[in-house]
Amino acid sequence: MLASNNSNENQGLGEWAATLGGGLMLAYALRRRSWSSALIGAGGAALLYRGATGQNPAERVLQEVSQTADGIQVHKAVTIQRSPEDVYRFWRRIENLPRFMQHLKSVEALDDGRSRWEARIPGPLPLNWEARVVRDEPGEILEWETVAGSTVEHEGQVRFVPKDGGRATELHVTFSYLPPLGVAGAAVAQLFNAVTEQQIKEEIRNCKQLLEAGEIPTIEGQTSGRVSS
Amino acid sequence: MKAVCWNGIHDVSVETVPDPTILNPRDAIIRVTSTAICGSDLHLYDGYIPSMRKGDILGHEFMGEVVEIGPEVMNLKVGDRIVVPFPISCGRCYFCDHEMYSLCDNSNPNAWMTEKLYGQAIAGIYGYSHLMGGYAGGQAEYVRVPFADVDHIKIPEELSDEQVLFLTDIFPTGYQAAEQCDIEAGQTVAVFGCGPVGQFAIRSALLLGAERVIAIDRFRERLQLAGQVDGVETLNYEETDAMEELQEMTGGRGPDATIDAVGMEAHGTGLPALYDKAKQMVRLQTDRPTALRQAILACRKGGTVSIPGVYGGFVDKLPMGAAFNKGLTLRMGQTHVHRYLRPLLELIRQNKIDPTVIITHRLSLEEAPHAYEIFKHKEENCVKVVLQP
């Protein structure tokens, strides 16, 4: 990350304030633990980072916000301790996606590389679309996109790069949702309200956890002094 | 069940809470038969670690009997008696695969937070804040153990709870600290801090071939406990200039390796406000900020500084020039407990070490609030508390 001149000059009090403010935001997010507060937490963590390093990630944050206005664009790389063939097979069975992508209710495989998707969004309106595989190079790359006339434009690309002599896979995921041209429906608007880039990045981490550990770690529903017995 | 809950600064209480349940296929539930309070629990108690929530169940040193297992746990059965390591490890990621269990990629549900703070995902730890996963701890009658197929060692009947309980954390932590010193026969190791981890580091250094260990603290009972061991000399830094003594005792060369068994875990996530408060408190109580600096300054040229003491955030005025110009090796990190379970259990079986000697207090779970108080204030010569639920 580039440190601007401005951020260098602002070390000292600004750095301290960023650290304190960032810490408070992070602490708040940790207390609330909802996805909306996750954004606050991410902002807080960015400020903490700035405070800790004197580098200013604001430029990048702004960039992400402007992207959000145009839709959702996620790039994320994770390394998975499984062979590219294993990881490819898992993704090629596209019905597997809702196992780690909470924002998807279901994906159903149809014939000819086509699939029917349903998003998990709040509200009474369902949001469905149909996608088709447009590139499929086993063990290397998989790419799909929504068919013409869908209610939402969605594209996914997954690259599987061998690592550690093929024992592991670098998984490079590109995942996007764009509003359709013209007036977007209420269900599409809900998708952009409910789903964040940060969430999709977490879901890609969940893919790694599922493939490696066989499960996604959770404390959801565990006991504590906050729950009455 | 009964569980020790964190309510706020200097406020823990024993509450009746729901029993834990299986949440994931590799979970197990154990009935806790013994649990201990760790020095690092005191920093939760003192409120230095952010992201604790009122009602969080404390405790990362515990053992017990398996009462329920998830469908994917094939190597445990109900009734097995196990000790559980404090870091939660999936056993299958790159780091677990390379026996770096405390660096597990997959055990922290709040990994993204640690990614922002530390650059990468940090493993989950029982009862140690939501930053470290928010897992309910084991100072309770029952506890849920994720990845139970990997995160346990079975204990043979002939060994008592007290003999093996410290395999959860402090024995492996002291042992790893000594191992990191790459001790050669005839060498001298200085250990700063004679709390439970320091005591195990001292004994481990001798087991690993050190000729001489110099133990530094200010609490007489802790120095006495260290001094009982053959080959250990003690320094009370309130009564003598420990830094000068260390050079004197080693003919001006300095100890071949130094161990910081004190740490600065009070830094938490590195908030300066908390940090300053911590620094202040720590100076008043245990002189902690100086331990790492002293370990660096005392160590001989080309030697190793091993750091089992926990750090969470940022360090002020670290003598980097001394470390660099003396060509020191700094080794640190949370303990890869799983790696040490078998060999250390074997040492206990062969009576090469008696972990029970550090226990000063045996109390019931209900007495936990009192136990935290005496441990924090070092009252009643408290070194280590074991709680029996």
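Student: Which residue of E7(A) does A:Ile72 stand opposite?
Tutor: This is a predicted model, so let's keep that in mind as we go. E1(A) covers residues 72-80, and E7(A) covers residues 168-178. The two strands pair in the antiparallel sense over nine bridges. In that pairing, the residue standing opposite A:Ile72 is A:Tyr177.

Student: Okay, zooming out: which strands stand at the edges of that chain A sheet?
Tutor: The sheet is open, with seven strands in the order E1-E7-E6-E5-E4-E3-E2 and antiparallel pairing. An edge strand has a single partner strand, so one side of it is left without a neighbour in the sheet. That picks out E1 (72-80) and E2 (104-109) of chain A.

Student: And what angle does helix H8 of chain A make with E1(A)?
Tutor: Helix H8 of chain A spans residues 197-213 and packs on the sheet, touching E1 and E7.

Student: Is A:Arg114 buried, exposed or partly exposed?
Tutor: A:Arg114 sits in strand E3 (residues 114-119) of chain A. Leaving out residues up to four places away in sequence, A:Arg114 touches A:Glu130 and A:Arg132. Buried takes 20 or more other C-beta atoms within 10 Å, and exposed takes 12 or fewer. A:Arg114 has 15, so the label is partly exposed.

Student: How far apart in space are A:Arg114 and A:Arg167?
Tutor: Along the sequence, A:Arg114 and A:Arg167 are 53 residues apart. In space, C-alpha to C-alpha, the separation is 31 Å.

Student: Over to chain B. What is the strand order in its six-stranded sheet?
Tutor: This sheet is open too, and the pairing is parallel. The edge strands are E13 (232-236) and E16 (329-332), each pairing on one side only. From one strand to the next the twist averages 20°. Written out, the order is E13-E12-E11-E14-E15-E16.

Student: Why is E12(B) largely enclosed by the rest of the structure?
Tutor: Look at what surrounds E12(B): five bridges join E11(B) to E12(B), and five bridges join E12(B) to E13(B). Helix H8 (residues 242-249) of chain B also packs on the sheet, touching E11, E12 and E13. As for the label, E12(B) is largely enclosed because the buried share of its residues is five of the six.

Student: Which residue is the bridge partner of B:Ile259 in E15(B)?
Tutor: Strand E14 (residues 257-260) and strand E15 (residues 304-307) of chain B run parallel, joined by three bridges. In E15(B), the partner of B:Ile259 is B:Ser306.

Student: Last one: which helix gives the most to the side of domain 1 of chain B that touches domain 2?
Tutor: Chain B divides into domain 1 (2-169 + 335-388) and domain 2 (170-332). Their contact takes 27 residues from domain 1 and 24 residues from domain 2. The domain 1 side has 16 nonpolar, six polar and five charged residues. The helix giving the most to that side, with three residues, is H12 (residues 337-349) of chain B.

How values were computed: Residues numbered from 1 in each chain as written. Chains lettered and ligands numbered in written order. Predicted model: local features only at pLDDT ≥ 70, side-chain atom pairs only at ≥ 80, totals over all residues. Pairing = 2+ DSSP bridges. Helix = DSSP H or I, 4+ residues; strand = E, 2+ residues; numbered from the N terminus. Axes fitted to C-alpha atoms, helices over the stretch in contact; angles between N-to-C directions. Contact = placed C-beta atoms within 7 Å. Domains from an automatic or database assignment. Nonpolar A, V, L, I, M, F, W, Y, C, P; charged D, E, K, R; others polar.
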